[in-house]
Amino acid sequence: MFKVVVGHSVDPESQDAIEEILEQCQESLADLKPQAGILLAALDFDHELVLQEINQSFPGIELIGCTTDGEMSSILGFEQGSLTLMLFCSDTVQIHAGVGHRTAEDAIAAAAEAVKQATDKSTEEAKLCITLPASYIDAETVTSGEEILKGLNLVLGAQIPVVGGTAGDKSLFQKSYQFFGTEVLTDALPVLIFSGDLVYSFGAGCGWQTIGKKSIVTKSKENVVYEIDGKSAKDFYQQYIGDVEPAKENPLAVYTDEGDRHYLRVPNLCDKKTGSITFLGNVPENSEIQLTEVSRDRIIEASRASFEMALDRYTGDKPEATLLFSCCCRRWVLGTRTKEEYQLVQNVLEKEIPSCGFYTYGEFSPLNPDGVNFFHQETFVTLLLGTE
């Protein structure tokens, strides 16, 4: 048995919102007791109160979560300033939570701490990791999701898929929050580890279209690119977009060893003196890249492509739950059309399958079913869960 339920409220009062959500969930649960859960919350709620109420209703629940840049669910669709909760019940799938601390200081150690805490409670080998870690953004740099992913790969093994997204803070880029049990944290790496009789699949789509020729990053250090094809990163951009600042609408496609698949890196700052560009994520030296451009129609279509990719890969009878992770940059570009992104997925999704998700500051997912894990940007990730 594997049953998943969702609650979602737009009530601005924390007590009223969580009471509404718990009532929705308990009605769907009947007499079942949830084993684990994921809470996705707008920044302005009293998160400690919300977590206490959940724990009071379901003592000892294995719960993780984070603040967001927008929420979505099968109950209300896309919303901002809302609260949504997904609960998991199963007698054949084990789901355990863990958390690592001081992620900014040592993401690898935090990942090891989180995974050990979760897996020590399990009697079976890990099959899937969902993570909702802290994000660190200031005026010049972003602490890379690659370090978080590196830590998770080291302790789990690179063959275990890592899916999820980094926490948001309503586009303020000041401080995001993570949840573990009844704790509200600010520099943490929470995980849910699934094992046992679990079937899952995932898909990723972005909608950005490559333009121009493929080029080589000839000089870079972490997330700062100095030269592309032997000339400044600024000059590379200007040959395509003219004498304007590189923007989120024109990320770099960074190619991988997995065929022609790529992930995106968003430009953040341009140093006019050196011609270097700082990106919101690492761009490896000697990597093959290509400039991209996008339209709103392609962004929305990519959301459906992500879901359909996951559905095509799903090997079980029917998914029991859908989790969605979409980049905040997609929401910014879509503007008033943001609701269409989720609605398109909902139109394909069977109505009785519960879903929830949020707008992130970076996404985690492999590109291929047996491929390695990647840290993404401006990408829509779909995760389907169920049993055989």
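**Notebook: a sheet, its helices and some rings**

I began with helix α4 (residues 145–156), which lies across β8, β9, β12, β24 (363–366) and β25 and runs at about 160° to β25. Helices (H or I, at least four residues) and strands (E, at least two) are DSSP runs, numbered from the N terminus. My axes are lines fitted to C-alpha atoms, for helices over the stretch in contact, with angles from 0 to 180 degrees between N-to-C directions.

A reminder to myself: this is a predicted model, where local features need pLDDT of at least 70 and side-chain atom pairs pLDDT 80 or more, while totals for chains, interfaces and linings use all residues. Residues count from 1 along each chain as its sequence is written, and side-chain values use heavy atoms, without hydrogens and water.

Next I looked up the sheet. Six strands make an open, mixed sheet in the order β7-β12-β8-β9-β24-β25 (strands pair if DSSP finds at least two bridges between them). β7 (93–100) and β25 (373–376) are the edge strands, each pairing on one side only. From one strand to the next, the twist averages 25°. Helix α3 (residues 107–119) packs on the sheet, touching β7 and β12 (189–196) (contact means heavy atoms within 4.5 Å).

Then I turned to the rings. I found 12 aromatic pairs in the structure (ring centres within 6.5 Å; planes under 30 degrees apart are stacked, over 60 edge-to-face, the rest tilted; for Trp, the six-membered ring). Phe236 and Tyr237 pair edge-to-face, 6.0 Å centre to centre with 85° between the planes. Ring pairs link Phe236, Tyr237, Tyr240 and Phe279 into a cluster.
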